[in-house]
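Open the model in your viewer and keep the selection tool ready. The tour goes one stop at a time.

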Amino acid sequence: MTNAADWILLKQVRLAALSDTPTAFGVSYEMAAKYTDEQWQERASATAGPEFWLAFIDGEPVGMVGGVVSQTHRYNLIGMWVEPRVRGSDIAARLVATVKYRALQKGYERVFLDVAPVNERAANFYLKHGFVFIDEYESLASNPQIMVQTMLWTENDHVEQPGVLDQRTSA
């Protein structure tokens, strides 16, 4: 999980994600780019709510995911992104496993996320990892013309603690 010292890395990965796939997130690149250093530090330290995890290869951040409890007391997977050059590796699966494991640690047996069904690669990935579509839709906050649908994962098997995502010090 990130901490305040990781704020520059979190900012780097988050802005890369928003630049790469601007129609996949509830916040725009323009909005996130205006966050102050203090706001990034707060985000990285999870004092404002969401917790974030970064994945690294050879010391470089290549992915991120967040987990947050919503106002309706749901544990939500948010901010999922993996750098295009490492898509198809196990990094995305390990990031999702991290959020599932954290939800269980916090006493939640279900994890929710929102995805645009037209984003077939993402939707198929989540289906492969045990999520199912439920009958909830809403407009994407950053792009109201895009409708997202809620997906749900319910724990029915033991979830192992995921492997190490931080390989900053390995060769």
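Is aspartate 90 buried, partly exposed or exposed? Aspartate 90 is partly exposed, because its relative accessible area is 45%. (Buried means under 20% relative accessible area and exposed over 50%, with partly exposed in between, for a 1.4 Å probe and protein chains only.)

A word on the model. It is predicted: local features need pLDDT of at least 70, side-chain atom pairs count only at pLDDT 80 or more, and totals for chains, interfaces and linings use all residues. Residues are numbered from 1 along each chain as its sequence is written, and side-chain values use heavy atoms, with hydrogens and water left out.

Stay on aspartate 90. It sits in the loop between β3 and α4. Helices (H or I, at least four residues) and strands (E, at least two) are DSSP runs, numbered from the N terminus.

Next, select Leu77, Met80, Val111, Tyr126 and Phe131. These have the most contacts inside the largest nonpolar core, which has 23 residues. Such a core is a set of buried Ala, Val, Leu, Ile, Met, Phe, Trp, Tyr and Cys residues joined through side-chain atoms within 4.5 Å. Colour α4 (91-105). This helix gives the most to the core, six residues. Apart from that core lies another, of 17 residues, including Val13 and Phe25.

Finish at strand β5 (residues 132-140). Six bridges join β5 to β6, and the two run antiparallel. (Strands pair if DSSP finds at least two bridges between them.) A hairpin of two residues links them. Leucine 140 stands opposite asparagine 143 in β6.
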